[in-house]
Amino acid sequence: MRAEDAPLIRLEDYRPSDWLIDTVDLDIVLDPTRTRVRSQLQLRPNPAGHAGAPLVLDGDELTPDSILLDEVPLDPSLYSLSPQGLTIQAPPARAFSLRIETTLDPGANTKLMGLYRSSGVYCTQCEADGFRRITYFLDRPDVMSVYTVRLEAAKAQAPVLLSNGNLVAAAELPGGERHFAVWHDPHPKPAYLFALVGGKLDHVRQPYVTADGHKVELAVYVEPGKAGRAGWALDSLVRCMRWDERVFGRNYDLDVFNVVAVSDFNMGAMENKGLNIFNDKYVLADPLTASDGDYASIEAIIAHEYFHNWTGNRITCRDWFQLCLKEGLTVFRDQEFSSDERSRPVKRIADVRTLRSTQFSEDAGPLAHPVRPRAYKEINNFYTPTVYEKGAELIRMLKVLIGKDAFARGMDLYFERCDGTAATIEEFLDCFVEASGQDLAHFAGWYEQAGTPTVVASGKYDAQAKSYTLQLAQSTPATPGQSEKKPVVIPVALGLVGKGGDLPLISISPALKAGGVMVLDQPSLSVTFTDLPEAPTPSLLRGFSAPVRLELDLGDSELLRLFSADSDSFNRWQALQTVATRALVRAGKGDGSTLDATATDLAKALSSLLAGPALADPAFAAQVLRLPAPADIAREIGRDVDPDVVHGAHRRLSAAIGAAVANQLAALRQDLADRGPYSPAAAPAGRRALRNEALGLIALGAPAEGARLALAQFTEADNLTDRLAALAAMTLIPGTEREDLIARFGELYAREPLVLDKWLMAQALIAEDGTLARVKGLMSHSAFSLGNPNRVRGLIGGFAANLTQFNRADGEGYAFVADIVIALDRTNPQVASRLLGSFKSWRMLEAGRRAKAEAALRMVGATPNLSRDVSDIAARSLG
């Protein structure tokens, strides 16, 4: 089947499987080129299916060596094979067994889906549809089975043999050269959660006792010699298990929990039941090879995959259209965990930055889709920021709307009612309807409608009546396939800020709910507040209570007042972001006349922050110091964007602020210097964050001083965080000193691939004309491999995120990335399709660039024999 002929899968066409598989017994004999897989399936007709239906098992690049039905060889005339699977036209109308044997070549599996080898270690990735590359199966999430897995391998080659569930048997085979292990998972699960690992691995272990008294052995497995870098991951696992017990009442349910880190992995990590497989960048950490950001990511992703044990594994999704039910909900849970472990305001700001830079831009382009899409050709292309990050925002809005107590009751009911099932969004929301007594039918529209709503807010104070009337209006722009948009339910958490702080919220409007939340569920809304002795400044969307764009009628002076007086930390940060964004958008459109005045205002506000008590939270101050990114400004402009103009305006504003507060920043850096050994804990990490944000501003505002400070910091640093910050600062300052430091960094970390990924990316992000030639040259560097997803994401993905150089006026950036996509598609379509997603904002560019980007996309789309993954992204980008 050609990629363009792939069927369109529609939500409305869902029907239950005609067959169920109660138990799966796998006997897998591991070999680098000839792995034998024998699957024994116990099948029965599904009472909810069609009686007498054929049995259609999914397969991908498989050929059966033998097929036995009830232990009798199946006559070839009774079944048919296709590239998509195996069909038995007239299976028995009763329960029966089916045994299928296949032979695989893990060493040749460059797609990294199914069973493959990574640095000599056998491992699997089965979500979304990789299990069909191991054996023929009903590879869909609503077919849940109990698995028993026997693994066999040469002891010298794979002394460690792991699978899902609990270890029930293990022994050497006669002769002592081979051994086996049998794993049993008592919890029914879909095939996408199957996993195995076999290889030479070191590990760290720790016993754990759950809140209900169950003893569990925790272990993190890593490549030999790297066990010393696994401690933080293990510590994070213990902390998130305790948190889930305390906050959500969820206890772990097996005797072991294993985490395995591998170096070749398409995703970040995978929540396979009891055997989580991770990209090693999200496990390995020590001060010299992992940054503060890495430590925080490891903590969050370890938690995310563990939390899936209940929101994803114990309760899975009925079909892939419900993907956000496990991913968005689990992202919300890991965000809450990180907020409790670190600074809640800083975590919220960081999450919103990510949402805006990735999901808002997706919503604004040709790849926009609802949180629950209605159709797809390739499900791998819907593991998107919309499903994950926007999906998490919907959960957060739900909590705001019904209140934390009703939300907790709803979650408890969901866990009780849906445990052991493959659930839908409707079943999830029904639990909160019952727990809160509220009608959530209108709220459910968020799952069906793509696009980022815009809320326009204006207000008027009546001094005589001592009242303030706030008017809100919402609209959502058209997105592919959805030209007409309905109003959605938007909870607007708000305050009214006066000279001395928050003023009382007094109104008879039914739109104002408890806790200072207005519910905007119509095209427009007007609410009047009374008993106000002074004109208030509205503080809207506190804590970013809804994933929307907000347009205010406040002037810069009023926003600066909010920055100094608002009790909501998020909106304090947002106030300065809005001031900067307005000036940068005007400059990006060609009017830079207000940049200098804005720089003066922002520098004054920042100077006050850095001198005041707000430094009790340096991590927050670091976020305030960072301007909105050039890509965010381009998105706000929306059309006919010239990336060079946007970037130039951003550099000009940053440099002006940096020059104005350079001396204060330099003194602050001295005060914030580490006085003891490195720690990844939140407090010292926050001090380093502020210190390094200061360095970046100095590098732009006072380049000579910035270079001096950066070079000294690189030499004196005892941790990767400070060395990376020094490198990043120097990439802003062209010259021989920069090139020398780049070379020193590469030599220092020549044996550390994960650090070299950052080194590659730092160079790929340099906003200068020579960067494309630099990136092409780095592809020949010994550190780079087109076959390793991390290397590709570091170098090529970094370049594709470079606003000015990917979007070069001559189109060479587009042509380069398009050529890489085509080359990658032959070996790893998933990585190729994600890279092609970097074109998602091409329609907003000015005409010349737009035409060149379109030509590159059409070249990719016209390439013969494209995978479904890449063909789908190309077609949707051009559609």
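Asn865 counts as exposed, at 77% relative accessibility (exposed means over 50% relative accessible area, buried under 20% and partly exposed in between, with a 1.4 Å probe and protein chains only). The model is predicted, so local features need pLDDT of at least 70 and side-chain atom pairs count only at pLDDT 80 or more, while totals for chains, interfaces and linings use all residues. Residues are numbered from 1 along each chain as its sequence is written, and side-chain values use heavy atoms, with hydrogens and water left out.

Some backbone details come next. Asn865 is not a glycine, yet its phi is positive, at about 60 degrees. This residue sits in the loop between helix H25 (847-861) and helix H26 (868-878); helices (H or I, at least four residues) and strands (E, at least two) are DSSP runs, numbered from the N terminus. Leu112, also not a glycine, has a positive phi of about 60 degrees. Leu112 lies in the loop between strand E9 (96-104) and strand E10 (114-118), and counts as buried at 6% relative accessibility. A cis peptide bond, with omega near 5 degrees, runs from Glu127 to Ala128.

Leaving aside neighbours within four places in sequence, Leu98 is in contact (heavy atoms within 4.5 Å) with residues including Ser39, Leu55 and Ile88.
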